[in-house]
Amino acid sequence: PLTPEERAEIAHRTQAMKQAQARVRESVQAEARAKAQKLWSRAHWATNKHPYLERKQVNAYGIKLLRDMLLIPARDVNGTLHTLQFISPDGSKRFLSGGKKTGCYFSIGKPVDRILLAEGLATGSTLHQATGAAVAICFDCGNLLAVARALRGKFPSLRLVLCADNDAHQPGNPGLTHARAAAKAVGGFLAVPVFNPGVQPCPF
């Protein structure tokens, strides 16, 4: 068995290692924030004529275009730009390397009495077009909970509606599972699309 001194030394080294890792992570994220801001400043406002938006039949709400890539900003509840999502004409997506995504989102519209939380740009844009409500695009189902908690802290009295992707064709239905957990954690509501039997859902 370890002596108290040895246990204390191990705990000290572990804490020092965690602090060093946190410093490295913050440095990498700071570089990503600066790069994201630089790219965002260089880009131009997108129009509805982009192939991805035309294919999804949604409008360009506050997003930009750099060459042929759509730029979707990921901000925290204070409005700080942390990273960018890039969407190519064929619909492939990637994020700026090293940027913070957890708890960050892209907002469409001004909150009045509710905020709709969705995963992707096309889904969120469709929801805004259909309802006129404010939307927070969380980028993927794994980020729904973090964004929901951040928004609940900023807007304690607003209704938060988790608009789940119904991933019925995937094991465990991750879209619905994560949305349900997020709604439960923040006292929110859950909206789930229902498809007719035999109808393949549109993969937003």
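## A buried asparagine

Asparagine 166 is buried, with a relative accessible area of 17%; "buried" means under 20% relative accessible area, "exposed" means over 50%, and "partly exposed" is in between (1.4 Å probe, protein chains only). Keep in mind that this is a predicted model, where local features need pLDDT of at least 70, side-chain atom pairs count only at pLDDT 80 or more, and totals for chains, interfaces and linings use all residues. Residues are numbered from 1 along each chain as its sequence is written, and side-chain values use heavy atoms, with hydrogens and water left out.

So where do you find asparagine 166? Look in the loop between S9 and helix H5 (174-186). Helices (H or I, at least four residues) and strands (E, at least two) are DSSP runs, numbered from the N terminus. Leaving aside neighbours within four places in sequence, asparagine 166 is in contact (heavy atoms within 4.5 Å) with Asn173, Val192, Pro193 and Phe195. With two of these there's a polar link too. The side chain of asparagine 166 makes a polar contact with the side chain of asparagine 173, at 3.0 Å, and a polar atom of the asparagine 166 side chain lies 2.8 Å from the backbone oxygen of proline 193.

Two strands pair if DSSP finds at least two bridges between them. S1 is joined to strand S2 (residues 64-66) by two bridges, and tryptophan 45 has lysine 64 in S2 as its bridge partner.

S3 and S4 pair over six antiparallel bridges, with leucine 71 standing opposite phenylalanine 86 in S4. These two strands form a hairpin with five residues between them, and glycine 79 in the turn has a positive phi of about 90°. S4 also pairs with S5, over three antiparallel bridges. Seven of the seven residues of S4 are buried, so S4 is largely enclosed by the rest of the structure. Axes are lines fitted to C-alpha atoms, for helices over the stretch in contact, and angles run from 0 to 180 degrees between N-to-C directions.

## The mixed sheet

Another open sheet of five strands has the order S6-S8-S7-S9-S10, with mixed pairing. Its edge strands, S6 and strand S10 (189-191), each pair on one side only. On average, neighbouring strands here are turned by 25° against each other, direction ignored.

Strand S7 (residues 114-118) and S8 pair in the parallel sense over four bridges, and leucine 117 has alanine 136 in S8 as its bridge partner. H5 packs on the sheet, touching S9 and S10, and its direction makes about 160° with that of S10.

## The nonpolar cores

In soluble globular proteins, nonpolar side chains tend to be buried together. A nonpolar core is a set of buried Ala, Val, Leu, Ile, Met, Phe, Trp, Tyr and Cys residues joined through side-chain atoms within 4.5 Å. The largest one here has 22 residues, and Leu53, Ile63, Leu70, Ile72, Phe106 and Leu121 touch the most other members. Elements giving two or more residues to this core include helix H2 (51-56), strand S3 (69-75) and helix H3 (121-131). S3 gives the most, with three residues. Apart from this core lies another, of 19 residues, among them Ile115, Cys141, Leu176 and Val186.

Note on methods
Polar contact = N/O pair within 3.5 Å; in protein donor to acceptor, adjacent residues only side chain to side chain.
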